[in-house]
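Here's a quick tour for anyone meeting this structure for the first time. Have a look at it, then read on.

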Amino acid sequence: TSAMALEALNWAVAVGGCVALAATYVGSLYTLSSNELPRDHPKTVRQRMLAVSVACAASPAFVYFLLDKSEQPFAASLGLWCSNPLLSIVKPLALNMLLFAGPMLQGLLDGSMSLSPKWLFDMLTFSDASLLDLRNFVVAPATEEFVFRGCMVPLLLPVLGPTTTVWVAPLFFGIAHIHHILAGQRPIVVAVQFAYTTVFGWFAALAFVRTGCLWGPILCHAFSNLMGFPDFGGVFEHKNRIVVGITYVAGLVGFFGLMDRIL
């Protein structure tokens, strides 16, 4: 019974810690920034980027207090230090790009994407970057992955094990997006966001657990934000709908078929 009580306590500490981390991250958006203006207003964007950066900086201290640090260096537990960073980044990013093979082909055919050296250079260097680009492709992916993957997974892993952690950790990430209702978004939109972010969270958590590196999930998050939600409806209206549709299916099949082999 004492062993069961200890296990229950460890479970409660791990889950409670994740709830506290999520609450701190989301709460910073409302306590450390003004919400009088729309969320895409430059002032609001700056305030919120600063707010989540503060929450992100405070999270490791909280995890350090709860985490058993006897197994590996703390930076390695958070995924900041990796033994083979290049491979740990390339593998999940390649899988993520395969999953978006259909949307990428759709964008290339529609002209919203390009393989020209100038377009690629502009995207990689953020030469035309706006404040929203900085938020969507740098600050949000880095801070969200650090808190919801880098800080939460090490708390859950010793208690729940790898498989359950991969399934449970993303729920905190998905639930954290429900606060968008307060910004005036329709419940159906928030529900889709919850489902989409949770599904992505499963992949990001799996990549983090398998590689032990956080940089891959961060880049996958940035890439997913760049691609946005796939335009499934547009496939049926596309002039090359057969080719685009086949690419959608091939990317999805390839993603799930190669996941265990690559990760």
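Which residue lies over the face of Tyr 30? That's Arg 48, at 5.4 Å from the ring centre. A charge counts as sitting over a ring if NZ of Lys or CZ of Arg is within 6 Å of the ring centre and within 35 degrees of the ring normal.

Keep in mind that this is a predicted model, where local features need pLDDT of at least 70, side-chain atom pairs count only at pLDDT 80 or more, and totals for chains, interfaces and linings use all residues. Residues are numbered from 1 along each chain as its sequence is written, and side-chain values use heavy atoms, with hydrogens and water left out.

**Another charge over a ring**
- Arg 149 has its charged end over the ring of Phe 173, 4.4 Å from the centre.

**Rings together**
- The whole structure holds 10 aromatic pairs (Phe, Tyr or Trp rings, using the six-membered ring of Trp, with centres within 6.5 Å; planes under 30 degrees apart are stacked, over 60 edge-to-face, the rest tilted).
- One of them joins Phe 229 and Phe 232 edge-to-face, at 5.8 Å centre to centre and 85° between the planes.
- Ring pairs also tie Tyr 196, Phe 229, Phe 232 and Tyr 248 into a cluster.

**Around Trp 81**
- Leaving aside neighbours within four places in sequence, Trp 81 is in contact (heavy atoms within 4.5 Å) with Ala 75, Ala 76 and Gly 212.
- Its C-alpha atom is 8.4 Å from that of Leu 214, though Trp 81 and Leu 214 are 133 residues apart along the chain.
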